[in-house]
Amino acid sequence: MMLITLHETVLAQLGDPTPEAPPNSEKILQLVRYLTWFVLLSGVCGITYAGGRFAWEKWSGGTLDSPKMLAGAMVGGVIATSAGTIMNAIVGN
């Protein structure tokens, strides 16, 4: 009983800590934002390139390898978008 009272007394003296951003965290967040834009831009370029190549292969009668590229670009876009959402949930923005 005395141990519980002592424990409660010690914990009552501790304040609720306020969160504080680490040093240089703004620069890291800015780098993450730039990387996010780069990933989104490269995904759009990949889908556009795969779609153009798909049309060219269909028109010229060649082998159709570009649907795999198109599907890969779309899956990559879904993964990149999900990663951003998960990170926002973790960071709490």
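The following legends describe close-up views of a predicted model.

**View 1. The aromatic pair of helix α2, W56 and W59.** The structure contains one aromatic pair. A pair of aromatic rings is described by the distance of the centres and the angle of the planes. The ring centres of W56 and W59 are 5.2 Å apart and the ring planes meet at 45°, so the pair is classed as tilted. An angle under 30 degrees would have counted as stacked, and one over 60 as edge-to-face. Both residues belong to helix α2, which covers residues 25-60, and they are three residues apart, about one turn of the helix. W56 and W59 are both exposed.

**View 2. The salt bridge between R53 and E57.** Side chains of opposite charge can pair when their charged atoms come close. By the rule applied here, the count is two salt bridges. In one of them, the side chains of R53 and E57 meet with an N to O distance of 3.1 Å. Both residues lie in helix α2, four residues apart, about one turn of the helix. An α-helix has 3.6 residues a turn, so residues three or four places apart point the same way. R53 is partly exposed, with a relative accessible area of 31%, whereas E57 has 7% relative accessibility and therefore counts as buried.

View 3. Neighbours within four places in sequence are left aside here; beyond them, E57 is in contact with G62, T63, L64, D65 and S66.

**View 4. The salt bridge between E26 and R33.** The closest N and O atoms of E26 and R33 are 3.6 Å apart. E26 counts as partly exposed, at 49% relative accessibility. R33 is also partly exposed, with a relative accessible area of 43%.

**View 5. Helix α3 and the residue that follows it.** Helix α3 comprises the 26 residues 66-91. At 1.5 Å a residue, the helix should span 38 Å; the C-alpha atoms at its ends are 37 Å apart, which agrees with that expectation. The expected span is 1.5 Å times one less than the number of residues. After α3 comes G92, whose phi is positive, near 90°.

**View 6. A nonpolar patch on the surface.** The patch is formed by I86, M87, I90 and V91. Together these residues have about 410 Å² of accessible area. I86, one of the residues of the patch, lies in helix α3.

Technical notes: Residues numbered from 1 in each chain as written. Predicted model: local features only at pLDDT ≥ 70, side-chain atom pairs only at ≥ 80, totals over all residues. Heavy atoms only, no water. Phe/Tyr/Trp six-rings, centres within 6.5 Å; stacked < 30°, edge-to-face > 60°. Helix = DSSP H or I, 4+ residues; strand = E, 2+ residues; numbered from the N terminus. Buried < 20%, exposed > 50% of the residue type's maximum accessible area, 1.4 Å probe, protein only. Contact = heavy atoms within 4.5 Å. Patch = residues over 30% accessible without salt bridge, like charges linked within 9 Å, V, L, I, M, F, W, Y side chains within 5 Å. Areas by Shrake-Rupley, 256 points an atom, 1.4 Å probe, with all protein chains shown as cover. Salt bridge = Lys/Arg side-chain N within 4 Å of Asp/Glu carboxyl O.
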